[in-house]
Amino acid sequence: MNKKVILDEKLIQIILERLCFELIEHHNDFSQSVLIGLQPRGAALAKRLRDMLMARGVENVPLGLLDITFFRDDFRRRGQPLQPNQTHIDFLVENKRVIFIDDVLYTGRSVRAALDAIHSFGRPADIELLVLIDRRFSRKLPIQPSYCGHQVDAIDSERVLVEWGNDDKRDQISIIPHEST
Amino acid sequence: MSQLSTDHLLGIRDLAPEDIELIFQTADQFKEVINRPIKKVPSLRDITIANLFFENSTRTKLSFELAEKRLSADVLNFSASGSSVSKGETLIDTANNILAMKVDMIVMRHPLPGAASFLSRNVDATIVNAGDGTHEHPTQALLDAYSIREKRGSLKGIKVVIVGDILHSRVALSNVFCLQKAGAEVMLCGPRTLMPKFAESLGVKVTYNLKEAIAWCDVANMLRVQNERMQTGYFPSVREYTMQYGLTMDTLKHADRDITIMHPGPINRGVEITSEVADSDYSIILNQVENGVAVRMAVLYLLAQKRQEQ
């Protein structure tokens with residue numbers, strides 16, 4: 001597999017810290033703000049950011065996980081069947097400041113679906129988007145991130161692979177050819 | 001596995017155990033959806049579904065209709081009374097006329113066994129069987145099994161007894177197939193006159209004694225006495241049936257275990273089950289109704305997904 005590492009563990013940590021400070025700068029104590037991780041791949045990042053925010057003295061950061069499968073625009077239009085993931089939001093977002101969290105922003109279609117899906121839980125005061133990787137030349141819809149970790153100029157035949165560390169693995173973000181996914 | 005192995009839902013017998021597990025996992029997500037403040041998703045907004053009910057139904061029809069609307073499908077309702085069926089139109093003609101209006105899926109209840117299968121071979125639409133005579137009622141079996149799974153955590157090794165009019169019950173037959181495929185043990189219990197001759201060949205235990213059944217089981221599914229399907233006397237009187245097969249609090253306490261009580265509805269209170277039992281903490285009858293919507297949403301969603309590849 002022809003894998004090109006673009007961010008290693010140390011750089012990822014620096015970026016996450018910066019994103020944390022940007023969030024605190026804009027949302028203060030999070031009393032009116034909630035984090036919503038977009039399933040499946042935004043969940044891990046959202047949990048990591050929540051833990052980091054709390055370690056930096058924010059007392060309570062509400063975290064929800066939103067699955068957008070039923071709101072996608074390609075149901076019955078793609079070769080692969082869509083499999084839903086768990087949605088877990090045990091609060092209302094009515095008048096809250098919502099921050100969507102996803103690992104990679106690509107065409108923008110997932111975020112479009114998430115904008116629809118979140119309204120089942122109330123009408124937010126505003127919605128922002130935080131992504132770790134922004135594939136800036138691949139957008140199909142007029143959607144831009146409010147907070148961005150790193151911009152990547154990958155072409156359509158490539159895929160950005162985000163690997164989160166656990167016991168024997170390190171955090172790592174790389175670009176791989178699409179066939180090897 | 002992420003899609004069903006079948007293009008229609010005609011009976012549980014056609015499903016693989018993996019299909020049942022996929023339906024349950026998808027239903028888990030829809031159960032969360034129907035408990036949101038806004039209980040609707042747009043997945044089936046380009047799908048039109050006709051509900052063809054050639055036989056009376058309250059719960060199944062409402063449950064299907066709600067499931068369809070929660071998925072944003074367009075819904076047509078048809079019931080045999082007051083339609084051209086009473087003027088002598090055939091089933092295929094009725095269905096094709098409805099399909100000419102660009103309908104994608106048909107949910108059908110019919111008094112004749114095999115009607116759903118017949119329709120699936122003759123018209124170009126996805127067919128969901130909502131009960132065909134005394135044959136199968138697959139979505140009821142799925143929601144029953146799903147409710148047991150929800151209450152008990154799993155179906156593996158769970159002992160389920162189905163009590164009552166087995167002979168006339170499509171629910172019983174579908175339940176036997178579904179529970180066995182999901183790994184549960186099944187016992188049938190009822191009067192000899194209401195026990196089909198093929199009962200033993202289904203690979204289930206058979207008993208004619210309710211106390212014995214209750215002593216054995218973890219879950220008891222109490223079927224309704226179907227007076228409308230009984231042309232001859234299958235038991236001397238309703239009172240005698242109740243004496244022998246009606247479930248009371250006394251019988252339950254006798255078992256000295258936490259038994260889950262189910263009923264597919266509509267209940268004949270005081271016949272197959274006393275009000276005291278039906279309204280007790282043992283009963284998950286109303287959970288079954290709620291789960292019915294989630295399970296039917298899962299079935300419709302998964303079948304609609306298959307239509308793109310046809």
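Predicted model: local features only at pLDDT ≥ 70, side-chain atom pairs only at ≥ 80, totals over all residues.
Residues are numbered from 1 along each chain, and chains are lettered from A.

**Exercise 1.** Work out whether B:Ser43 is buried or exposed.

*Solution.* Start with its place: B:Ser43 lies in the loop between helix H1 (17-33) and strand E1 (48-53) of chain B. Helices (H or I, at least four residues) and strands (E, at least two) are DSSP runs, numbered from the N terminus. Next, take the relative accessible area, which is 7% for B:Ser43, so this residue is buried (under 20%; exposed is over 50%, partly exposed in between, with a 1.4 Å probe and protein chains only).

**Exercise 2.** Find which residues B:Ser43 touches, not counting residues up to four places away in sequence.

*Solution.* Look for contacts, meaning heavy atoms within 4.5 Å. From chain A you get A:Phe70 and A:Phe75, and from chain B you get B:Leu71 and B:Tyr301.

**Exercise 3.** Describe how H1(B) packs against helix H11 (residues 285-306) of chain B.

*Solution.* Two packed helices are described by the angle between their axes and the distance between the axes. Here the angle is about 120° and the axes are 8 Å apart. That makes H1(B) oblique to H11(B) (under 35 degrees is roughly parallel, over 145 roughly antiparallel, 65 to 115 roughly perpendicular, and the rest oblique). Now for the residues: B:Tyr301 of H11(B) is one of those making the contact, and B:Phe30 of H1(B) is another.

Definitions and conventions. Heavy atoms only, no water. Axes fitted to C-alpha atoms, helices over the stretch in contact; angles between N-to-C directions.
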